[in-house]
Amino acid sequence: MTTTPTPAAAGKPGAEHPWATGGTVLAGVLMVVNGVFAIIEGIAAIAQDDIFYTRIGDYIYKFSLTGWGWIHLILGIVVLIVGIFLLKGANWSRIAGIVLASLSVIVHFLWLPYQPLWSLVVIAVAVFIIWALCTDKEPARW
């Protein structure tokens, strides 16, 4: 017999929370989508960096766009792979997802001069991924 968690139990650490469980699945999907977009972003920066990206204002952190392209490409591939394993329910992928989402926040903060609006969107999505993966205590259930 299964019981539904009471509202009081839902706020306790370790209690199963349906929103967090659904959030974990959504976090996996967002990681896959974010990985694909990062791969495309990286390829665009490597191939034709002067055409696709222009610097908005001056920023203290100056890297070449080709270097940023390789960073986004590698990070995108790893995020895509971890997102797939998260959807498959691998326990290690939750910790890796938290680490990669945190790294994504840092990378996109430094990427702000090139794509400010997109960087803010990715940072917000990464914060949601971190919350979802930290809140759900149960492995993915599909």
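This is a guided walk through one protein chain, from its overall plan down to single residues.

A word on the model comes before the tour. The model is predicted, so local features need pLDDT of at least 70 and side-chain atom pairs count only at pLDDT 80 or more, while totals for chains, interfaces and linings use all residues. Residues are numbered from 1 along each chain as its sequence is written, and side-chain values use heavy atoms, with hydrogens and water left out.

Let us begin with the overall plan. The protein chain holds 6 helices and 0 strands, and from the N terminus its elements read α-α-α-α-α-α. Helices (H or I, at least four residues) and strands (E, at least two) are DSSP runs, numbered from the N terminus. Of the 142 residues in the chain, 37% are buried. Buried means under 20% relative accessible area, exposed means over 50%, and partly exposed lies in between (1.4 Å probe, protein chains only). The chain exposes about 8300 Å², and carbon and sulfur atoms supply 74% of that. Such areas come from the Shrake-Rupley method with a 1.4 Å probe; for residues, only the protein chains shown count as cover. A contact means heavy atoms within 4.5 Å. Among contacts with a separation of 6 or more, 75% join residues 24 or more positions apart.

Now look inside. The largest nonpolar core has 19 residues, and Met 31, Trp 68 and Ile 129 have the most contacts inside it. Helix 2 (18–47), helix 4 (65–88), helix 5 (92–110) and helix 6 (116–135) each supply at least two residues of this core, and helix 4 gives the largest share, 6 residues. A nonpolar core is a set of buried Ala, Val, Leu, Ile, Met, Phe, Trp, Tyr and Cys residues joined through side-chain atoms within 4.5 Å. In soluble globular proteins, nonpolar side chains tend to be buried together.

The buried residues of helix 4 include Trp 68, His 72, Val 79 and Leu 86. Just after this helix, Gly 89 takes a positive phi of about 95°.

Val 82 also sits in helix 4. Because its relative accessible area is 5%, Val 82 counts as buried. The C-alpha atoms of Val 82 and Met 31 are 7.7 Å apart, although the two residues are 51 apart along the chain. Beyond its neighbours within four places in sequence, Val 82 is in contact with Met 31, Trp 92, Ser 93, Ala 96, Gly 97 and Leu 100.

Ser 93 is buried, because its relative accessible area is 0%. Apart from neighbours within four places in sequence, Ser 93 is in contact with Val 82, Phe 85 and Leu 86.

Val 122 lies in helix 6 and is buried, with a relative accessible area of 2%. Neighbours within four places in sequence aside, Val 122 is in contact with Asn 34, Ser 104 and His 108. Val 127 is found in helix 6 too, but at 47% relative accessibility Val 127 counts as partly exposed.

Finally, step outside. Leu 26, Val 29, Val 33, Val 36, Phe 37, Ile 40, Leu 117, Trp 118 and Val 121 form a nonpolar patch on the surface, with about 760 Å² of accessible area together. Patches are made of residues with over 30% relative accessible area and no salt bridge, where like charges are joined within 9 Å and nonpolar side chains (Val, Leu, Ile, Met, Phe, Trp, Tyr) within 5 Å. A salt bridge is a side-chain nitrogen of Lys or Arg within 4 Å of a carboxyl oxygen of Asp or Glu. Helix 2 and helix 6 each supply at least two residues of the patch, and helix 2 gives the largest share, 6 residues.
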